[in-house]
Amino acid sequence: MTIRFTARSVQIKHKGLLHARVVNVIWFILINCLMIQPFLQRIFEPFSYLDEGAAIGLGLLAAAKSISHPKKSLTATDRTLILFLITFLMIGGLGNLFGPVRLSLAPIAIDIVACSKFFIALLSGFILFDEAADLLDSLRMEARVLLVILFILGVANLFFDFGMGGDGDFGIPRAFKFIFYHQAALVWFVVALVSLLLSEFDRNRIYILFGFVVIALTLTTKGVCWVAAIMMIVVTLNKRGRPSVFGLLFGGIAVLMLASDSLILYYANSTV
């Protein structure tokens with residue numbers, strides 16, 4: 001009887017591990033598709049809805065997990081995100097109710113999904129991936145490899161035109177855009193890769209630096225602003241490894257200074 005029980009336990013554990021690995025592979029593929037979505041949607045237009053679909057799907061899965069595990073309480077971060085999302089949606093809803101422009105339900109629903117998908121995905125990720133160490137390790141390993149490859153290609157793009165460059169600026173012959181249609185898409189791809197490594201900053205310094213260089217080689221203002229803000233925050237981390245008020249303040253100032261021309265163009269020029 002004891003032998004049968006042990007064998008059955010081992011079999012159940014093996015099936016559980018196999019199921020976990022399959023699920024991790026699916027998540028790994030989905031996350032990669034989201035990171036290169038701008039490239040995929042140029043090949044197949046329906047991929048342009050991948051981020052909205054993923055946000056809705058993640059939200060439903062997170063809700064199902066929360067309902068099936070009612071004893072597992074939400075963290076302070078989870079509750080803060082929920083409160084922020086509710087407040088955000090209420091402000092937007094009141095604007096639609098009392099604003100001068102009346103819209104039908106369909107465009108309002110589309111705006112709700114478009115404007116809240118980031119927060120839905122972030123909150124859902126906290127709930128669904130709280131015990132996904134293996135998945136995170138795989139994504140970090142991939143991020144390191146990709147950042148090295150991007151760094152090599154980005155530097156090579158300065159000297160050779162092999163189809164991965166865009167219009168140059170600041171005296172640099174070509175901006176680096178990799179496989180994407182525009183440099184901005186590469187910026188957000190690298191931001192995603194670097195973000196995976198920031199929680200282990202000391203261990204991944206060289207790879208994060210590679211990412212910063214690649215973003216700089218895109219010659220985009222938003223990319224340079226992001227690098228400046230992150231560097232300011234990292235340099236001023238407190239003893240507990242959390243961003244200090246001064247880091248956030250100086251990071252914000254750096255962004256405003258670097259983006260001042262774009263801000264003036266968009267908001268202060270009445271002819272635009």
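## Salt bridges in the model

A salt bridge is a side-chain nitrogen of Lys or Arg within 4 Å of a carboxyl oxygen of Asp or Glu. In this predicted model, the count under that rule comes to six salt bridges.

One of them joins the side chains of aspartate 51 and lysine 117, with an N to O distance of 2.6 Å. Aspartate 51 belongs to helix α3 (residues 50–68) and lysine 117 to helix α5 (residues 105–128), so this pair ties together parts that are 66 residues apart in sequence. Aspartate 51 is partly exposed, at a relative accessible area of 21%.

## Glutamate 200 and its arginine partners

Glutamate 200 meets arginine 140 in a salt bridge of 3.0 Å, N to O. Glutamate 200 sits in the loop between α7 (183–198) and α8 (205–217), while arginine 140 is in helix α6 (residues 133–159), so parts that are 60 residues apart in sequence are tied together. Glutamate 200 is partly exposed, with a relative accessible area of 24%, whereas arginine 140 is buried at 9%.

Glutamate 200 also forms a salt bridge with arginine 144, where the closest N and O atoms are 4.0 Å apart. Arginine 144 lies in helix α6 as well, so this pair ties the α7–α8 loop to a part 56 residues away in sequence. Arginine 144 is buried, with a relative accessible area of 10%. Through shared partners, salt bridges join Arg140, Arg144, Glu200 and Arg203 into one network.

## Asparagine 32

Asparagine 32 is located in helix α1 (residues 2–35) and is buried, at a relative accessible area of 16%. Its side chain reaches the backbone oxygen of phenylalanine 28 at 2.7 Å. Beyond neighbours within four places in sequence, asparagine 32 is in contact with Leu139 and Glu142.

Note on methods:
Residues numbered from 1 in each chain as written. Predicted model: local features only at pLDDT ≥ 70, side-chain atom pairs only at ≥ 80, totals over all residues. Heavy atoms only, no water. Helix = DSSP H or I, 4+ residues; strand = E, 2+ residues; numbered from the N terminus. Buried < 20%, exposed > 50% of the residue type's maximum accessible area, 1.4 Å probe, protein only. Polar contact = N/O pair within 3.5 Å; in protein donor to acceptor, adjacent residues only side chain to side chain. Contact = heavy atoms within 4.5 Å.
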